Amino acid sequence: MSGAPEVLREYGQPGAAPVIQGRHTYGSITDKIADLALERRSGRSFWLALGVTSVLAVVFAVSLIYLLVVGTGIWGLNNTVDWGFMITSYVWWIAIGNSGTFISAFLVLLRQRWRSSINRFAEAMTIFAVAMAGLLPIMHLGRPWFAYWLAPYPGKMNLWPQWRSPLEWDFFANTVYLILSILFWYLGLLPDLATLRDRARHRWQQLTYGLLALGWRGDARHWHHYESAYRLLAGLGAPLVISVHSVVSIDFAFSNLPGWHSTIFPPYFIGGALYSGLAMALTITIPIRAIFKLQDFITPRHLANLAKLMLACSFVLTYTYMTEMFTAFYSADKFEIATALDRLTGPYAWTYWLTIFCNVVLPQSIWFRRVRASPVALLIITVIINVGMWTERFMLIVTTLHRTFLPSSWHSFVPTFWDWSTLIGSLGSFVLLFLLFARFFPVISMAEMRRLNVRVSGVDR
Amino acid sequence: MDRREFMKLMSAALALAAGGCAHPPLEPIVPYVDGRDEGATQGDPLYFATALTQGGYAQGVLARSDRGRPTKIEGNPQHPASLGASSPIEQGRILELWDPKRSHAVLHDGEIASWDELMTLLSLRLERLRPSGGAGLRLLTLSSSSLTEGSVMDAALARYPQARRHRYEPINQDNVHEGARLAFGRWLEPVYHFDRALTILSLEADFLGCMPGRVRYARDYIQLRRPDAKSPMSRLYVVECMPSLTGAAADSRLASPSSRIGDLAAELAERLASGGKTSSAWLETAATDLQSHRGRSLVLAGEGQPPEVHALAHRMNDMLGNIGRTVDFIQPPIEVRELAGDSLAALVADMHAGRVDTLLILGGNPVYDAPADLEFDRALERVPASIHFGLLVDETAGRCAWHVPAAHELETWGDAKAFDGTLTIRQPLIAPLYGGKSALELLGLLTGQLGFTSHDLVHATWLARFGQERFDERWREALRGGVVPHTATPFEAAEHLGKAGAPAAQPPTPGAPPIAAGETLEIVFRPDPYLWDGRYAQVAWLQELPRPLTDLTWDNAALMSPTLAARLGVRNEQIVELELGGRTVEAPVWIVAGHADGAVTLPLGWGRTAAGEVGSAHGANAYALRTSKAPWFARGLRVTPTARERTLASVHDHHRMLGRDIVRSATVAAYRAKPDFARKEADLAPPPTLYPDYSYPGHAWGMSIDLTSCIGCSACTIACQAENNIPTVGKEQVLMGREMHWIRVDRYDEGPVTAPRSAFQPVPCMQCEHAPCETVCPVEASVHDTEGINVQVYNRCVGTRFCANNCPYKVRRFNFLRYAEDTPSLDAMRNPDVTVRMRGVMEKCNYCLQRIVRARIVADRENRDLHDGEVLTACQAVCPTRAIVFGDLNDPHSQVRIAKSSPRNYALLGDLDTRPRTTYLARIVNTTEEEPG
Amino acid sequence: MSDGGRQPGCYGLMAEFGGSQEILEAVRASRGAGYRRIEAYTPFPVDGLAEALELRKSPIPLLTLIGGILGVAVGWFIQWYSAVIDYPINSGGRPLNSWPAFVPTIIELGILGACLCAFGGALLLSGLPRLRHPVFDTPGFERVSCDRFFLCIRSDDPLFDRERTHAWLAALSPLRVASTPIHPGEPA
Amino acid sequence: MQVFSPGTVLALKLGALGALAVIVASLFLWRRYIELQPAIGDPVAQVVPFSHKHHAGDDGIACRYCHSSVGRAAFAGIPPLSTCMTCHSQLFKTAHVLAPLRTAFAGGRPLQWSRVNELPDFVYFDHSIHIAKGIGCSSCHGEVDRMPLTERQAPLSMQWCLACHRNPESQLRPQSQIFNMRWKPPANQRELGQRLRLLYHLHSTDVLTACSTCHH
């Protein structure tokens, strides 16, 4: 079967950038990607990034240790606003993870083969983001060491979880999501780990990668089952990701609070999740592409495709913002209207308008081809969108909580040093994990790139 | 933290760790419920009737003792000043007892000395004074109504005829006594009968907040404020400067600088005497109303008003035929030989003149709270031997040569009179924790009866009074009930009083025309409702209890009206310099809606410098401006704004209802016309639900809170705090919004900001049947029990805080830090029936579950049902006006069922279909105006 | 040369190819020649290879379905049993058997069961993990994970004959043909 | 080329097994370590080696002679030293083991006994109601009169408490048997228990297993 005609069928956009640049063979793809992990000849930019993120990871660790020693009171929370930065970050992280799954799973199902170049990124992003999303709510508990009480197990207390709580659903959704993400990622990684094992220069590399590769030998039977399982995991991941973020939104919508108690929340959150995840994928891809010189495999076409998807999500979000306001005023419920007005004009109104600017106004620049073609412009935009999406969650949480039904108990939320340090620390730790991953594992699926290469270029060598 | 069971077992060992050696008093004490037997001391708590005094007036209490450890104060139902209720201060005094910062040792010039050393030195000194008859020996005491103290003092003065006894009390009844003298020629005290008065005019008399007998007065007052009863509702007029509890309760309130109130009183008296017209419509209405209720009306003046105003009030009552009906006069329960202010002034003059050789300060803190113009501290330097006796090493202790640790009132024997003269023999609950002495023991030195305990002396007093016959029986009876029967001071017969003398014809107060721009202002000193004159500054519960009408904790402030603040160009929390007669004090501004323009109120009792870690360095010291000539208000205040700020910890920032039907109120007329005005859709029939209702076949606990009766005194908040081991969190945490009170008293203002009408609303957990908190808890920490209580299982809680978010009433409280665990020194004080919550768990009101469980166990042991009233929640028990009723909703005859059958019954935020078990009775006011709001 | 028998000391013969089309053709040819125990090793999934090898349809979808059903069943049972039977507790006045509220957890557990079965099934059916395997001893086999494609005719193929099979493979014009040994004492 | 030699594979397999064993063992040890109480069946050393066997078993002193409040209060009661001294001012006046008792009594200080049955602070157990409703001493404390040094007999875990609260019939005794250390459920205990449950007016199982029954 020759590759070229299929390429034209799939990417029949005249003038579009190719998905692989340059003339590559199986060997050159392998050399390029595997050597990143095995040789580790890293540039200054890498070490600089590693240094900065390591410091932030230490900040994160210190913040969490201080939290465990002193208590939840180190944050700016109070008896009126019981959730703050941590839950904001939690929703933000899980959203980013969701989009990673979207890129890897949905695009598999939709046979978007250009995803091959970025799916490993996206999956790693998912895992690290979901790990953060798992860690933060546990740390947010008053007594994190009892988090296992959310799991059903036959214990000395004869007690079970309270199944009606969305937090319980959340516990299951996130756990399952993390497990599935890791399995999906690991399954895809197996052939590449075998490559590293077979090309390892050092004995320890050989042993480590060899152990992780589980003895993968590229048997046609392996590939046969592998492809079946991979497709099924993608198929399971797709509804899972929808359910996970629906459940996250129900953490809020299940309540009776004006501003949260709304049926638009699941699609609202899913749209937002895709949006912020795509932005984060770009935010990560663009510098990594530059640091590791992966321009051949991650081409302007990938960046443009992601940017266009992001623009589409921005419209989904714009729609939900409008619906939210419309519903509030149309409800004629005085509490709903008060919350809506508070968002528009209250003490935290700046978060609302910042959200609108970052998530609605700014992305309109993606309409311009020059913006789409410029990695730097895209990087700036996506970073701002990430900020905007974080602000949106903060706005949703804090503006709802700080003024609820009884004016007597209204109280503001003011973040403390530790709120900020935990937030920034978690960001740094995420990037650090990502850098380490990029350093020790193939950042692009070599097996998939080989297949993509033969299809795109027809070079069967 | 030590384990509770261990504490139960080893209370003695533990109290030792708390800093002293705790054991029961040596002499037999008598529990409130008879049938005491030795075995029971190891088990259930016992209650002992005793009394706590303030300003010399006794407030009868029942003190709970858990295996010898006093843990809670309840009111004494048999005591006339209590009738079962108490004020926040009495609740806080249990913490005063256990305060680890109490003085532990005799000090000489700041160094630890011994009691024997002091005795030796004093004896020598007294020996030397003996020949001169004790010239140069002075005693300074607080006001006292104790028979024993009086007789011991008399005995001492008999041995030292040249010695003198002085009395000082910063918040005293001098004006009351002097006012009576102006009117009747004698020092007398009025006793009011609010349960008979249909029209009441208060001339800055805060009879609900700070008068002796206030707890009883609140109960009496509310007797005629029951809209569902057949009787007519009384109407209360208040004219005052700073809004007080009484002002907030008023049906018609006039804000006026304190100095103007005398003029108003004179004008009103004139109007009542000779008819004619008054200058203001308000006075006119009040006058008409008073006149139409002759014999059933009442005019009273507050202790801050000059004697002339009191005399005017008596005269008006006389004219209205109220004397003998709504007001009676008695000999002052406290010993009045001279006015407190004069007495101190005389002492200080002698001290300055070097005529004082040995000064015994038997209580009180004059270095801190004496009038600034007397310069007590400088005078003290001229006294060769000064001995301070007190609970704390306070400001005065630091300036005296000697300090003797005092025993707490719960540690000593004594006796005292209530506001109406009823006598109580005080019995101790525990032997002195820190080796403190009673004043009586110290006085033994003067009488030459060294070695006698307070018990011996009190016993002797009563042996003389009761006589030998049936003494033991009467003694035990008096101790058990907490009152000596039939000892109320008889009322002065009207014919003996004579006509209330008319004071001078001209306006009796210094002329105080309305304030014009640019003129100096007036400063008003009021007692802090909880710290009083400052003596309770070390009690963290009282520091953290939000002040009614300012909502401030941990600080006082220069309180002023919005208009004045605007005129001065100052904002909340901006520090201003207050200058009066060359003395200055800095205080942050706090704007109070309804405060009189032209005056600034600075509450007394703040700015302590030596009141332990808890009490020191909070607020501004008003005594620095207070002089003996103008102890309550003074003109000539200059306010200079500074650029600095002091953050004030207010617990509520918003006081408007914004059109939400939170407190539902109406006038009597509107209520009579439409009795179910408060009922909205959700109150008439529960909103439809998909779920079948749960059945509660046994008990179904419920609560009703009458907003008509609630006077906002916050006694419920602090009683709950004491009952449920609720920690205080400190100013920083209050500022962050983390106060822990399980029942808070919300205040909502309606009407113009210059003259708002305030309504109080106590908000505990509503115990919703459809509890929004429960369904969101992932670990079954917040669940319902079979009797409908929304329980919080602390040990199961992981602290997601979703429950608190989802609570529409925001009554859940989270232990953000180790609030309770960090005060192990208070472990011995804690209620052993209530789990001390750890860091990271949620807590909230549970209808005093421990009391229900205890009562249920007792009933089950006896194989019977609980009867109505057997379980009282702590908030219900303490409430002076019985606004809170708790009981079984399944019992058709229960008080709570009856209360809830009122057409005024409504559920807070009932539209949410939370089905709260706690509901409110709408607020009814007796205004002549249109329906408020 | 018995059916299913294996030549002692020899796993099979390996032909090494440089491209995916070549090995596809070689597999098809070998199947055509009657070889049945053929294995193919490739650096990426080659389209059509499974069909050429006439591999059975993968049972993993079925396994996944079973896993999903099991997950759902466990999810439903544990919630119903704990909330209704084992420790019934009144939470917010909701019925004990609040089945609509149980659905999200049931879904998640269904997905968990399915994904564990899919992943576990893939490993199990592939015989992984297996760190040692005779084919690793084939000379040059380390490039199978890079750019080489191997066709193996196992020694237990009924038609296997060291010389004739070697000749057959050589005729397919591979880069080379090598023998894969089995070390004594090790399972094949 | 094989990456893993047979030896390496074996080592890895053994290593995995070993790691599993270590994890299981440390979990087990950790649970032992966090246990508040002395182990079941471990006699607890006391400052005075008080023997229930001697006092209650041999001498036949009734439980309530010392634990006087057991029927009237939550706490069964530890006797004041004066109770000990009723006899020991006459008997064993000079015995060495009783020296701490005499010293403490003379000094007016309590003896520091070590707890045998410890409940967490957040659990409220009331002896009197259990006695009143037909639960005998030995149901929880075992045959104390056969213990030279007292030891814990029951796990006192929530599960253990619940087992009885869910099915009190299995343990209910007639009032005459409360202090009988040898009481064993008779063959017809089910039927007897149901009758006693009615007689004692026990609350429903819902009430008995409500959180608020033991936690507040």
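User: How many residue pairs are in polar contact between chain B and chain A?

Analyst: A polar contact is a pair of N or O atoms within 3.5 Å; within protein, one must be able to donate a hydrogen and the other to accept it, and residues adjacent in sequence count only if both atoms are side-chain atoms. Here the count is 36 residue pairs, both at pLDDT 80 or more. This is a predicted model: local features need pLDDT of at least 70, side-chain atom pairs count only at pLDDT 80 or more, and totals for chains, interfaces and linings use all residues. Residues are numbered from 1 along each chain as written, chains are lettered from A, and side-chain values use heavy atoms, without hydrogens and water.

User: Which residues form the salt bridge?

Analyst: A salt bridge puts a side-chain nitrogen of Lys or Arg within 4 Å of a carboxyl oxygen of Asp or Glu. The count between chain B and chain A is one. Arg801(B) pairs with Asp82(A), with the closest N and O atoms 3.9 Å apart.

User: What is the area buried between chain B and chain A?

Analyst: Interface size is often given as the accessible area lost when the parts come together. Buried area is that loss (1.4 Å probe), summed over both parts. Here it is about 4,600 Å², and carbon and sulfur atoms give 55% of it. In chain B, Arg660(B), Arg796(B) and Arg839(B) lose the most area to chain A, together 16% of what that side buries.

User: How many residues are in contact?

Analyst: Contact means heavy atoms within 4.5 Å. By that rule, 56 residues of chain B touch 54 residues of chain A.

Notes
Buried area = accessible area lost by both parts, 1.4 Å probe.
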